Amino acid sequence: MPDFAYHAIDSEGREKRGRIAAANDEGARAALAQRKLYVVRLEAGETRRSTLANIQVRRRRLNSKQLTLFTRQLSSLVQVSPLEEALRTISRQSEQAHVREILTEVHTGVVEGQHLSEAMRRENVSFPAIYRAMIAAGEGAGTLPMITERLAALLERQAEMRGKLIGALAYPAILSLVAILVVMGLMVSVVPRVVEQFDNVDQQLPLITRVVIGISAFLAGYWWALLVAVAVGGLMFVQGLRQPAFRLRVDRTVLRLPLIGKLLRNMHAARMARTLATMVASRLPLLEGLRLTGDTIRNKVLSGANDDIVEAVRSGGSLSGAMRASGVFPPLLVYLTASGESAGQLDLMLERAAEYLEREFDNFTSAALSLLEPLIIVAMGGVVAVIILAILLPILQLQNLTGL
């Protein structure tokens, strides 16, 4: 008999987590209801699979782009056609085989009489808990077309932010890589051939020339050791990230960096504000929205701050007060959240805060990119200038000695 992992709330409002054995999803929910537990999340327990099966499961999922496209198509079709027909149409139009399989599975669940959110639980890897919760809220309130429209707008905005971040980081990264390769090429292939001309010189070479020659000899003779050291260091770092204490220290250090830390905090705040605004507007409980939002946070410091906010709100505190106490959210977000709570327009004020933070993110990335490119070029020019200077100084020294 399969088992199910559950997250529930008892009659006194306390969280309960655990596993329960049942024949199916409905049986597990019925058994938990007999215990007077309100089910927040219920997922089938993981079973042992072969390595090949695990690889197939990883491949058989919707990526963020495919999920965004599906949501936009669904939001358009459910306004003019029944849900079952909309799902069948979308699945047939999909070009990728694995996308058709996933959507066909969801469509089959709906045909069997399940709610859309329940059918999506069959493919919980492709449809996150926060996504299914919003779909369930729309089904319960009879506003599924409106909810899917909001979800599509949310996912499209997140994809736009993600694309801008990748675009802002990709060009400097490529430029830096090219600069490093050019310098290493000079040090390994050009410098050794030039300094061969100084082997028979009795005079001591300038310090800068000796340093460049030493670095060049090391790179030419031990480049493989450098690559091995980088690979081993990278592997050890990745393994260390799996340790909670080390991961927490790394994430805290990243947030303290002058530019990157502010960028990540603003991104997280904007994403959280827009997600909460969408969920509150969809009439989902604020506490549930906070908890589901926390599942999407990768930074452990920010995730811990979100958990503290959940506990503070569960204890009767305000969202704005919990944000202020965490110390990781921009003051504007805290102020607008407090204004929204006092005016009863939390969703509107959160959306305004998200729009402001996203504009600030855009301006910040544009300014940082415009400054970073010339800095990389200047740094590369400086290194090349040092190499050229190290080559020219001995030549000038020889000319002075010969009186030319």
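Tutor: A residue is called buried when its relative accessible area is under 20%, exposed when over 50%, and partly exposed in between (1.4 Å probe, protein chains only). This is a predicted model, in which local features need pLDDT of at least 70, side-chain atom pairs count only at pLDDT 80 or more, and totals for chains, interfaces and linings use all residues. Residues are numbered from 1 along each chain as its sequence is written, and side-chain values use heavy atoms, with hydrogens and water left out.

Student: Which residues of α3 are buried?

Tutor: Helices are DSSP runs of H or I with at least four residues, strands are runs of E with at least two, and both are numbered from the N terminus. In α3, the buried residues are Gln-66, Leu-67, Thr-68, Phe-70, Thr-71, Leu-74 and Ser-75.

Student: Against which helices do the buried residues of α3 pack?

Tutor: Contact means heavy atoms within 4.5 Å. The partners are α4 (83–93), α5 (97–111), α6 (116–120), α7 (129–141) and α8 (144–195).

Student: What should helix α3 span?

Tutor: The expected span is 1.5 Å times one less than the number of residues. Helix α3 (residues 64–77) has 14 residues and should therefore span 20 Å, which agrees with its end C-alpha atoms being 20 Å apart.

Student: How many helices and strands does the chain have?

Tutor: The chain has 16 helices and three strands. Of its 404 residues, 36% are buried, and its C-alpha trace spans about 100 × 50 × 45 Å along the principal axes.
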